[in-house]
Every structure is written in structure tokens, then in C-alpha cells.
Amino acid sequence: MSEERRPRSSRRPPPLPRDTEEENTDRGASENPIRREMARRGLKDPADEVNTDEMPGENSGVAAPEDLSSTGEALVFDEKPATDAGPTFVGTLPAAVPGDKTAIIEAAAPPEEQYPLLTIETSAGRSDVELVRDVFVIGRAPDCDVVVPDALVSRRHATLERQGEQWLVIDQQSGNGTRLNGERVTKAVLVHGDVIQVGDASITFTIPGSEEPVQAASGPKTTMLPASSGTAVGGLPALRSPRRKKFLLIATALVALIGILGIVKKLTTPPPPPPGPTPQEIAARERAELERRAQEQFEEVRRLVREDKYLEAEPLIQEVAQVFPEDRSVQDFLKTVQREAGGMKLLASAREKAAAGEYDEAIAALSRIDPESHAAEEVEAIKKECEDKKYTRQIERIKAAIEEKDCDVALTLSDEVLKTRPDDTVVSELKRMAEKKCQTKPVVAVGPKNPTPTPPPPPPPSGRLAGPALAAYREGNLEQALAQAPASGASEATIADLKKLQSLYARGLELSSNPGQTEQAAKFLSEALALDRKLGGGQGKTTEKIQSTLGKVYFVRAADSHTRKNYPEAYKYYTLALKAKPDMKPAQDRMKELETEAKNLFEAAYVFKSTQADRAIKNCKTVLQMVPPQNVHYGKCKKLLSQLEGEDGAPSGDDSGGF
């Protein structure tokens with residue numbers, strides 16, 4: 001289908017204004033592309049020959065500028081215009097209309113999908129990872145998506161999860177926690193530029209294209225037109241009035257003056273004092289400081305554990321566990337340190353007892369050492385040494401008793417050894433020697449046929465031993481006391497009590513070496529101690545033996561409660577141990593440790609009183625049950641507890657019970 005040619009227009013462009021004609025003519029073809037094209041074709045510009053007296057109008061044959069602009073069309077001419085048609089006008093075609101021209105527009109390629117980016121920085125270097133899946137795991141394990149080979153990083157430390165259009169960072173109960181922009185978090189939404197701290201690694205979360213683009217200037221573009229009378233650049237009216245110019249200058253000066261005055265006022269006015277911190281901010285700061293100190297102590301604990309200094313690490317890890325009670329890594333360290341420190345203490349106690357000749361007590365201490373501790377490696381050697389020394393001492397005592405014709409002692413000691421070593425030929429031979437040597441012929445009394453009967457000894461106090469039986473009892477020789485009791489005038493009830501005491505003490509001593517039966521052992525030994533006061537008046541070596549064994553049983557029970565952080569129960573049994581044996585040094589030391597724990601609990605309660613009142617009340621109630629009333633922290637906790645449990649339920653403003 002042929003395209004219809006538009007008729008040639010008889011209108012010509014208007015002549016240039018008279019006052020600019022010479023100037024435009026002088027510029028020549030070099031500045032006007034239309035003139036350059038006409039010059040190249042050898043055409044002459046008819047505008048140079050136009051009659052200046054002829055103005056555009058109906059009679060001139062030239063369309064007025066208004067008519068040209070009103071048509072809205074571009075003019076189209078033949079390739080070789082007639083000589084009388086005037087100059088060729090090259091214009092811009094208007095926007096394409098249907099059926100006129102076909103515009104070909106290249107379709108833009110679809111944008112590529114962009115994923116969030118993780119920039120991981122460690123001491124070993126830097127790397128980038130794209131989050132191409134909805135779940136990414138960060139940790140020390142080799143099967144994690146992002147592996148951070150750092151001892152401070154847990155095996156599965158944290159995950160990044162996509163939920164809808166958001167990405168979340170979720171801590172997986174890691175040992176040292178996950179921090180987002182410096183704050184410890186368990187679950188938080190990520191935004192562009194967030195920094196995640198995992199151990200010593202710093203991970204920056206970036207969303208491509210999130211930077212704000214520079215916005216192009218809005219509004220119509222300014223068209224540079226030649227300035228004519230009454231029109232400025234861009235089609236705005238020209239400011240030709242001097243009054244308007246003067247008004248604009250005055251307004252600008254006023255605005256500048258107001259700005260200067262405002263700056264001067266701001267510089268000369270002193271800033272208002274900053275508002276004081278709120279109770280919540282104070283509590284948060286105190287908590288942050290407490291956590292910071294606990295982190296430092298935890299690092300010190302790690303160093304001490306590496307050096308096997310468990311006794312020094314024990315009080316530090318206990319304080320850290322008070323601050324981070326739910327941290328799995330801290331609890332693991334606490335369990336390990338308490339096990340190793342307890343084993344070291346029992347090992348030292350066993351050595352001390354063995355050096356003092358208390359072999360039974362040393363063996364009992366060794367039996368309480370945890371088999372998983374490092375101290376268990378030395379248990380067997382020390383236990384064998386104690387048993388050998390005990391056996392040697394028993395042999396010497398049996399021989400000495402035989403030489404002194406103390407048959408009861410020799411036979412009793414022999415029976416004790418044969419209970420544990422029934423096949424021991426040496427002790428069996430010594431027992432036969434004692435039995436043979438102690439056999440004597442009956443002595444016939446020489447004197448008058450009717451001798452004066454010897455008056456019987458005065459009866460002892462009701463239920464108490466007397467004479468040789470009492471002396472043997474107070475020397476700790478129960479067998480000899482039992483043998484001499486009838487001759488000393490003891491009643492059958494007293495002899496029965498003596499036998500019962502002997503059985504109770506033996507049973508209690510046997511159970512005291514078993515940590516799981518300390519309560520039953522304490523029951524037997526307490527009954528034996530009550531009979532001891534009745535039979536011997538609470539004096540002598542037998543009394544000391546019962547009290548010492550009972551005190552150790554109470555101490556073992558208290559130490560077990562102390563390890564489990566049952567401080568009230570530990571205080572109760574430490575007190576009973578000191579009551580049974582007032583000079584027990586280990587119990588005295590542990591009571592001092594309880595006072596330190598009470599101080600720590602009170603300080604924690606004082607910190608939490610504003611934010612966690614229930615926890616503060618619990619700490620104070622524990623303190624009141626683990627220290628005596630004369631302790632300073634007992635009084636402080638009692639006062640703080642009365643404030644927290646007031647009628648209004650709110651803490652009082654009185655801080656006189658503070659640190």
C-alpha cells in the first residue's frame with residue numbers, strides 16, 4: 001500500500017527580526033545546520049533576499065508564526081524544491097500515530113535474581129556467601145553451610161532463616177551466644193547492613209540494591225529558548241521590574257539574617273542537662289557490667305582448666321554460673337571443675353589422714369573420689385599403701401598385746417584382720433599364740449579356812465560402767481570393757497547397752513565409707529553417741545572416735561549438698577559436723593565458702609530487685625537459710641526481703657541495705 005505524499009506547503013518560515021538579522025547572517029553556515037546543508041547543495045537562502053518591508057500576513061504568501069505553531073505538524077518537502085518555493089525546512093516529526101510510522105522498541109532483558117550476601121571476616125581472611133536457600137546453618141561442625149573453625153563457636157551455633165520477605169537470625173542455644181550489632185540475641189529480624197558476631201567472626205548481612213538510588217529531578221525539563229521581550233529562559237516571565245528585584249533582595253537578606261540569628265542563639269544557649277537514667281536503664285547497665293565481668297571470669301576459668309588448676313577455677317566458675325544459669329557451656333565447665341576439684345580435695349585429705357596414721361579415714365576419703373576424675377588415677381596406689389601400713393601396724397599391736405599378755409586385745413585385733421584377710425597365715429599363727437599364752441591354771445587361794453569375805457564394790461551410777469570396765473571403755477577398748485563389766489558390778493542392762501553401742505558403732509563405721517548411705521550411718525552413730533554419754537559420761541577415746549566418725553559423715557553429706565548448690569541443706573549438715581567435732585577444719589573452711597556464696601547471692605538480688613523481683617526474693621530467702629543470724633548478709637537480705645515483700649509489692653527507695 002503506497003504512502004500518500006503530503007501536499008507541498010506554500011508557507012515559508014518567518015524572517016528573522018530586523019535587529020538580529022545581521023548578527024545571524026554573520027554567523028554563517030558554520031553555526032546553523034540548515035544553512036550548512038543548503039550551502040552544501042548549492043542552494044541560496046531566500047531569506048537573504050526577502051523584502052524587509054513585507055511582513056508576514058495574508059498578502060505576503062508566508063504563514064505567520066502563530067499559524068505554524070497552531071497546525072502542530074512538521075513540514076515535508078520534495079527532494080528538489082522549486083526555485084520559487086523558498087528554503088527547505090527540516091523539522092522533527094511529531095509523535096507517531098497509528099498507521100503513520102512504526103516504532104521498534106527493544107524489549108529490556110528480565111532482571112537477574114539477586115540473593116542476600118554474607119560477608120564473613122575472621123582472623124584468617126574474608127569471604128562472601130550468597131544465601132541461595134531459605135535456611136543457612138552457621139557453626140563449627142563440618143556439615144554446616146558456613147563453617148567457622150573457632151573454639152568459641154558451637155557446633156551448630158546459629159541459623160539464618162527466610163520467613164516471607166524477611167530474614168531472621170536464630171541462636172541455636174550456643175555456648176557463647178550470638179550478637180547482632182553488639183547486642184546478644186536469641187532471635188531477631190535482619191536488615192541491610194546488620195553485623196552478626198559469632199565467636200571471633202564478624203558476618204555482615206547485605207541485600208543487593210538496598211542502597212537508596214539518586215532520584216532524578218522531577219518536573220518539566222527547562223527548554224533553552226532565545227530570550228525575547230517579556231520571556232525569560234524556560235518560559236518564565238522576565239523580572240524586568242526594578243521594584244520586584246529590590247523586594248527579592250530584601251526578602252533574601254531577611255531570610256539570611258533570621259538564619260544567622262538562629263545560629264547565634266543556638267551557639268550561645270547552653271544545652272539542657274541530659275535526663276537522668278531510669279531504674280530500668282540502671283538495672284540494664286548493672287546487668288551488662290555483671291555479664292561483662294562474668295565473661296572475663298569465664299575466660300580465666302578456661303585458662304585455669306587448661307593448666308589443671310581446678311581448685312582456683314572452682315569459685316570463679318560458680319560465680320559465672322550464677323550469672324548464666326542456663327548457658328550449657330558454663331554448666332559443663334561447672335560440672336567438670338567441681339568433679340576435679342572435689343577429687344583433688346579428697347585426695348589431699350586422704351594423704352593427710354594417712355600421714356597421721358588414720359588409715360580407715362584415708363581409705364574412706366579415697367572411696368568417695370569420682371572414678372572419672374583425674375585424681376582417680378592415684379586412688380589405687382594410695383589405698384594400697386594405706387592398707388599395707390594399717391596391716392603392719394595391726395601385726396605390731398597384736399605382738400605387743402601377746403607380750404604383755406593382753407589376750408583380749410590380741411584376740412580382738414586378730415579377728416579384725418582375719419575379717420578382711422581370712423587366709424592370712426601370719427595373723428592366724430599370732431592368734432593361736434595368743435590363745436595358748438593366755439591359758440593359765442586356776443590359782444588356789446592360801447589362807448584361813450573361813451576368810452573374811454571381801455565387800456562388793458559400790459554400785460556405779462545407774463547404767464554407767466565402773467572400775468576396770470570404765471577405764472578400758474574410756475581407753476577405747478570396747479572388748480576389754482565388755483569382758484570386765486561383770487566383775488566391775490555392771491548390771492545386765494548396762495552390759496546390754498555396751499554390746500548395743502559396740503554394734504551401732506561398728507555398723508555406722510562400715511556405712512560411713514559408702515557415700516550413698518551417709519544418712520543411715522549418721523543415725524547409727526547418733527544412737528551410739530547417746531549410749532556413750534550414758535555408759536562413759538561422754539569422755540575418753542571411745543567418745544572421740546564416735547564424734548569424729550559422726551562429724552565426718554555429716555561433712556560428707558554437707559559437701560554433697562554444697563556441690564548440688566543446696567546451700568540451706570549444706571549449712572545444716574556443716575553445723576551438725578562442727579557440733580559433733582568442733583575442731584573439724586574442713587567444715588570450718590566450707591562454712592566460710594558458704595558465707596562467700598551468701599554474699600554473691602545478696603549482690604545478685606540487689607541487682608535484680610528492680611527488674612526481677614521474684615529472683616531477688618528467692619536469693620534472699622536462700623541466704624537466710626545458709627548463714628547464721630549474726631552474719632552481715634543475713635541482716636541485709638532480711639531488710640531487702642521486707643522491702644520487696646511490702647504491701648504494695650514495689651521495692652522501696654531506701655538503699656541503705658546495699659553493697
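Two strands pair if DSSP finds at least two bridges between them.

**Entry 1: ground rules.** I am working on a predicted model, where local features need pLDDT of at least 70, side-chain atom pairs count only at pLDDT 80 or more, and totals for chains, interfaces and linings use all residues. I number residues from 1 along each chain as its sequence is written, and side-chain values use heavy atoms, with hydrogens and water left out.

**Entry 2: the chain as a whole.** I found 20 helices and 11 strands in the chain. I took buried as under 20% relative accessible area, exposed as over 50%, and partly exposed as in between (1.4 Å probe, protein chains only). Of the 659 residues, 32% count as buried. The chain exposes about 43200 Å², and carbon and sulfur atoms supply 54% of that area; accessible areas come from the Shrake-Rupley method with a 1.4 Å probe, and for residues only the protein chains shown count as cover. I then looked up contacts (heavy atoms within 4.5 Å). Of the contacts in the chain with a separation of 6 or more, 49% are between residues 24 or more positions apart.

**Entry 3: the sheet.** In what order do the 5 strands of the open sheet stand? I read the order as β4-β3-β5-β6-β9, with mixed pairing. R162 stands opposite W167 in β6.

**Entry 4: T159.** I picked T159, which is found in strand β5. Is T159 buried or exposed? T159 is buried, with a relative accessible area of 4%. Its side chain joins that of Q172 through a polar contact of 3.1 Å. For such a contact I used a pair of N or O atoms within 3.5 Å; within protein, one must be able to donate a hydrogen and the other to accept it, and residues adjacent in sequence count only if both atoms are side-chain atoms. Leaving out residues up to four places away in sequence, T159 touches F136, V137, L168, V169, I170 and Q172.

**Entry 5: cysteines.** I looked for disulfides (a pair of cysteine sulfur atoms within 2.5 Å) and the structure holds 0. For C620, the closest cysteine sulfur is in C637 at 3.5 Å, too far for a bond. C620 is buried at 0% relative accessibility, and C386 is buried at 1%.

**Entry 6: aromatic pairs.** Rings of Phe, Tyr and Trp (its six-membered ring) pair if their centres lie within 6.5 Å; planes under 30 degrees apart count as stacked, over 60 as edge-to-face and the rest as tilted. I counted 4 aromatic pairs. F298 and F333 form an edge-to-face pair, 5.2 Å centre to centre with 80 degrees between the planes. F298 lies in helix α5 (residues 279–306) and F333 in helix α7 (residues 328–355), so the pair ties together parts 35 residues apart in sequence. F298 is buried at 3% relative accessible area, whereas F333 is partly exposed at 21%. The rings of F555 and Y574 have centres 5.9 Å apart and planes at 45 degrees, so I logged that pair as tilted. F555 lies in helix α16 (residues 541–563) and Y574 in helix α17 (residues 567–580), so this pair ties together parts 19 residues apart in sequence. F555 is buried at 17%, and Y574 is buried at 0%.

Note on methods: Helices (H or I, at least four residues) and strands (E, at least two) are DSSP runs, numbered from the N terminus.
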